[in-house]
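I open these notebook entries for a reader who is new to the structure. Each entry records what I looked up.

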Amino acid sequence: MYVCGMTVYDYCHLGHARVLVVFDMVRRWLRASGYRVAYVRNITDIDDKIIRRAQENGEPIDALTARFIRAMDEDAAALGVETPDHEPRATQYVEEMKALIEKLERKDLAYRSASGDVNYAVRRFPGYGRLSGKSLDELRAGERVEVDQSKQDPLDFVLWKRAKPDEPKWPSPWGEGRPGWHIECSAMSSKLLGEHFDIHGGGEDLQFPHHENEIAQSEGASGTKFVNYWMHNAFVRVDEEKMSKSLGNFFTVRDILKKYDPEVVRFFILRAHYRSPLNYSDQHLDDAKSALTRLYTALKDSRDDGGVDWSETHAKRFKEAMDDDFGTPEAVAELHQLASEVFQGKAGAAKQLRRLGAVLGLLQRDADSFLKAKPAGVSEQWIMERIAEREAARKRKDYAAADHIRKELLGQGIVVEDKGGKTTWRRA
């Protein structure tokens, strides 16, 4: 499985987090289903936006990209995303890109224009447009494609860019320059997975032109089918608009994690089907937090690290849902059904709940560590002191003071529960 990863010139936003979490889920389910998975997720570390940002910051490009790669790794780890088997960087595969472009030239699918760039001749590749379901005449150049009057066709896209002053460059048969954006994924995927592999994924905005162009490059060069299955996750939306840096309506992962537990964010992403739009709001994240709290509450007295009993009814339904195009909403519904059985006292339900949660990368913490995770700025010592003061108020029958403290704690996201003569607390 090859997944188009991040262009590292800024912090990851929730849209990027969805790509990371969705394909981590896909990989986990394929493994749970008995497959051996080779997972590649690339890093674009040379690009117009990267060059522009480095110039704006007055810092070297490699310093900029290294900083944001570290930040991406931190965000991914927080969200429970496992490291890919391979994480190639574009700048490490320039030689492979040049070799691929030369092969396309020999097959008369690439030409050097008067501008000095090397372009792909789209109309010479039969079937261009089949992934996006459009004819050549309907298609328009993508957002990263600059209009060049020296192109033979407006849809032709650049494979190799001639060198410009103050930009990174590499030697090549066409003079000094750097690779175009699309060629990197064709070169890296074929090098690491072969010319024909199973799954290629990414955000739905990559279907055209990026993935359409990858097919043209890869199949044009190899003469064989490129990918068996294409998977595209839908956008994260804010006020009915795609979340993106270009629109300025994005929320970085690290800003969201200042307010919400990382597992809540992962759960929020997985509750929606990967092909459905994901609507971002504090209300939806609060709802996800409440739902995940319910599941962890069911696990309060559970300890288990065994395997799933796939013959059990809920596990069968869970598997049916996941086998049907990774149907996480229905799979999560089975987790809630198991939680209900835990609350009803059914033996073994908590163990099965924890085991199925593990398949999605959820519910693996000690329940108390989740339920008692302190909100930002609130220490456990302060919580315990306020609970002790509330107990003292109740003993002297000052119920107004006790209720005031309970509301004060609730205002900080702390729920106080009195059971069997003991007072415990958890997050709201």
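**Entry 1: Helix H12 and its cover**

I looked up what lies over the buried residues of H12 and found that the cover includes H1, helix H9 (282-298), H10, H11 and helix H13 (367-371). Contact here means heavy atoms within 4.5 Å. Helices (H or I, at least four residues) and strands (E, at least two) are DSSP runs, numbered from the N terminus.

I then noted that H12 spans residues 349-359 and is mostly covered, with eight of its eleven residues buried. Buried means under 20% relative accessible area, exposed over 50%, and partly exposed in between (1.4 Å probe, protein chains only). The buried residues of H12 are Ala-349, Ala-350, Gln-352, Leu-353, Arg-354, Leu-356, Gly-357 and Val-359. Just after H12, I found Gly-361 with a positive phi of about 75°.

**Entry 2: Basis of the values**

I record that this is a predicted model, in which local features need pLDDT of at least 70 and side-chain atom pairs count only at pLDDT 80 or more, while totals for chains, interfaces and linings use all residues. Residues are numbered from 1 along each chain as its sequence is written, and side-chain values use heavy atoms, with hydrogens and water left out.

**Entry 3: The protein as a whole**

I noted 15 helices and 13 strands in the protein. Its C-alpha atoms fill a box of roughly 90 × 55 × 35 Å along the principal axes. Of the 428 residues, 51% count as buried. Among contacts with a separation of 6 or more, 72% are between residues 24 or more positions apart.

**Entry 4: The second largest pocket**

I looked up the second largest pocket, which holds about 440 Å³ of space. Of its 18 lining residues, Leu-30, Tyr-35, Asp-198, Ile-199 and Tyr-229 are the closest to its centre. On a 1 Å grid over the protein atoms alone, a pocket is an open set of points where a 1.4 Å probe fits, with protein on both sides within 12 Å along at least five of seven lines; lining residues have an atom within 4 Å of a point. Grid points are joined across faces, edges and corners, and the volume is the space filled by probe spheres set on the points.

Which elements each supply at least two residues of this lining? I listed helix H1 (14-32), strand S7 (197-203), strand S8 (227-233) and helix H10 (313-323). S7 gives the most, with three residues.

**Entry 5: Helix H6**

I located Ser-218 in helix H6, residues 207-222. Ser-218 counts as buried because its relative accessibility is 9%. Leaving aside neighbours within four places in sequence, Ser-218 is in contact with Ser-186, Gly-223 and Phe-226. Pro-209 also has its place in H6, and the peptide bond from Phe-208 to Pro-209 is cis, with omega near 5°.

**Entry 6: Two residues with positive phi**

I checked Asp-166, which has a positive phi of about 65° although it is not a glycine. Asp-166 lies in the loop between strand S5 (157-162) and strand S6 (177-179). Is Asp-166 buried or exposed? Asp-166 is exposed, with a relative accessible area of 71%.

I also checked Phe-326, which is not a glycine and has a positive phi of about 55°. Phe-326 is found in the loop between H10 and helix H11 (328-343). At 11% relative accessibility, Phe-326 counts as buried.
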